[in-house]
Amino acid sequence: LRFDYVIAVSEPGLQIECDACRCDLTHSIRIKCADQACQDGDGVDICPSCFCSGKEFRDHKRGHPYRVVV
């Protein structure tokens with residue numbers, strides 16, 4: 001048996017968006033809020049741009065502790 005072609009398979013997976021601007025962070029560095037106020041559900045993910053500009057939304061405040069996720 002020989003296969004001379006490749007079939008691309010698109011599998012659904014985890015997609016991560018910035019909770020402030022909704023940009024795609026799936027394959028990017030992101031900031032994860034570590035404050036207890038932001039832990040409901042999947043927590044709060046923020047893109048570097050929104051983090052650097054100090055975006056605040058819902059219960060997230062710019063002074064909250066955070067983790068950098070790569």
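Trainee: How many nonpolar, polar and charged residues are in the lining of the largest pocket?

Mentor: In this predicted model, the lining has two nonpolar, two polar and six charged residues. Leu14 and Ile16 are in the lining and count as nonpolar. Gln15 and Gly43 also line the pocket, and both classes of residue count as polar. Among the charged lining residues are Glu17, Arg30 and Lys32. The space in the largest pocket is about 170 Å³.

Trainee: What makes Arg30 buried?

Mentor: Its relative accessible area is 15%, and buried means under 20%, so Arg30 is called buried. Arg30 is found in strand β1, residues 30-33. Beyond four places in sequence, Arg30 touches residues including Ile16, Leu25, Ile46 and Val68.

Trainee: Why is the pair Arg30 and Asp45 called a polar contact?

Mentor: The side chains of Arg30 and Asp45 are joined at 3.1 Å; the cut-off is 3.5 Å between N or O atoms, so the pair qualifies. Asp45 is also one of the residues lining the largest pocket.

Trainee: Are Cys23 and Cys38 buried, partly exposed or exposed?

Mentor: Cys23 has 29% relative accessibility, which lies between the 20% and 50% limits, so Cys23 counts as partly exposed. Cys38 has 3%, under 20%, and is therefore buried.

Key. Residues are numbered from 1 along each chain as its sequence is written. This is a predicted model: local features need pLDDT of at least 70, side-chain atom pairs count only at pLDDT 80 or more; totals for chains, interfaces and linings use all residues. Side-chain values use heavy atoms; hydrogens and water are left out. On a 1 Å grid over the protein atoms alone, a cavity is a set of points where a 1.4 Å probe fits but cannot get out, and a pocket is an open set with protein on both sides within 12 Å along at least five of seven lines; lining residues have an atom within 4 Å of a point. Grid points are joined across faces, edges and corners, and a volume is the space filled by probe spheres set on the points. Buried means under 20% relative accessible area, exposed over 50%, partly exposed in between (1.4 Å probe, protein chains only). Helices (H or I, at least four residues) and strands (E, at least two) are DSSP runs, numbered from the N terminus. A polar contact is a pair of N or O atoms within 3.5 Å; within protein, one must be able to donate a hydrogen and the other to accept it, and residues adjacent in sequence count only if both atoms are side-chain atoms. Contact means heavy atoms within 4.5 Å.
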